[in-house]
Amino acid sequence: MNTFITIILTILLFGLIIFIHELGHFFMAKLNKIKVHEFAMGMGPALLKVRRGETLYTLRAFPIGGFCSMEDGTDEDSEDNDRSFNSKPLIGRISVILAGAVMNLLLGLLIMIGIVTASNDEIRTMQIEFFHPNAVSSSYGLAQNDKILKINKMSIYTTNDIYYQILENNTDGKVDLLVQRNVDGKKQKVLLEGVDFTQTSERGDYVWTDFRLVRAEKNPYTVVKEAGARSYSVARLIWVELGNLVTGKRNFNEVSGPIGVSNFVGQVVEQATTSASDSRVADAIETILMLAVLININVGLFNLLPFPALDGGRLVFLFIEGIFRKKINPKIESYVNQAGMFLLLLLMAVITFKDIYQKIF
């Protein structure tokens, strides 16, 4: 039963992300009066077909992608078609390409707003309210009402930023803070050395700072502000970890594809179903939603990378056209995108094999 739930949740998760991405391309194409031949969910043979006007809407057999097929105007019989993609002004074509990634980023933000709204967790500012008993960070110069601006030179917006910098990214035992003093508003550096942020309280709770931050009242403004800050932090962390992967600070084994995500979803489902408590189920739902946020933002940003076959790669060609005022030969662009697609499929195959291997062994 858990396996069935896991499969359904994984399909719905990726299906929603793909759907909203292609929907962005679809709506912007329609707005620019570009003819859309087909809007498809999934790949492979069509299971369901519905035609509405000039567009064919299909549900295909394999839930591993989707596409929005537009009139491109590159065929000989459609070069003069004023409803083709290539006949539209440059800004219109850029908007169509950008729309998919933007929709993913917006969906991630909307889900995050829902998480912050429904969560029992308090919204915290970056201002220190008080220090826990036996706190040692205060002896290094931190003071009550100080506002934390940066840790290890990274701007801090959420408690997750503090957690990442203190626990995950603290390799030398030193924590370099930049704070703003409440008394005079001046900025000052505070260096913490040898502070144990991994202790547990008397109740057994995990304590990762020896100070508490000021709570913010939960209202529409603070919820949207907190959701925006968390979404930005997730996006920034994706770029940081991508850089760590390129530089070798992170291992390739830490990269996951759909199979790896499915394994994680299965673990969450199993934890939720082994306990009848409402809190455990609520935690599982929040975890799945956070995963949806992470993947949406990841897909949005990844698609903007200037790599062939991605939306970012197509934008590069459009920017070159804008600079030189001349369209690039469609055949050259097609060959470059085909090569990029081959490399992406190869990468996906390697990641999938790695996920399956880790699952079995």
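Contact means heavy atoms within 4.5 Å, and helices (H or I, at least four residues) and strands (E, at least two) are DSSP runs numbered from the N terminus. The model is predicted, so that local features need pLDDT of at least 70 and side-chain atom pairs count only at pLDDT 80 or more, while totals for chains, interfaces and linings use all residues. Residues are numbered from 1 along each chain as its sequence is written, and side-chain values use heavy atoms, with hydrogens and water left out.

**Exercise 1.** Determine how α1 and α2 cross, and which residues meet.

*Solution.* 
Step 1. The axes of helix α1 (residues 2–31) and α2 come within 7 Å and cross at roughly 140°; axes are lines fitted to C-alpha atoms, for helices over the stretch in contact, and angles run from 0 to 180 degrees between N-to-C directions.
Step 2. Therefore α1 is oblique to α2; angles under 35 degrees count as roughly parallel, over 145 as roughly antiparallel, 65 to 115 as roughly perpendicular and the rest as oblique.
Step 3. This crossing of α1 and α2 is right-handed (the near helix is turned clockwise from the far one by less than a right angle).
Step 4. From α1, L16, I17, I20, H21, G24, H25, M28 and A29 meet S95, V96, I97, A99, G100, A101, M103, N104 and L107 of α2.
Step 5. The contact of α1 with α2 comprises 11 nonpolar, six polar and no charged residues; Ala, Val, Leu, Ile, Met, Phe, Trp, Tyr, Cys and Pro count as nonpolar, Asp, Glu, Lys and Arg as charged, and the others, Gly among them, as polar.

**Exercise 2.** Classify the packing of α2 against α4.

*Solution.* 
Step 1. Helix α2 (residues 90–118) and α4 have axes 8 Å apart, at an angle of about 125°.
Step 2. The two helices α2 and α4 are therefore oblique to each other, and their crossing is right-handed.
Step 3. Residues making the contact include G108, L109 and M112 of α2 and V223, V224 and E226 of α4.
Step 4. By class, the contact of α2 with α4 has eight nonpolar, four polar and two charged residues.
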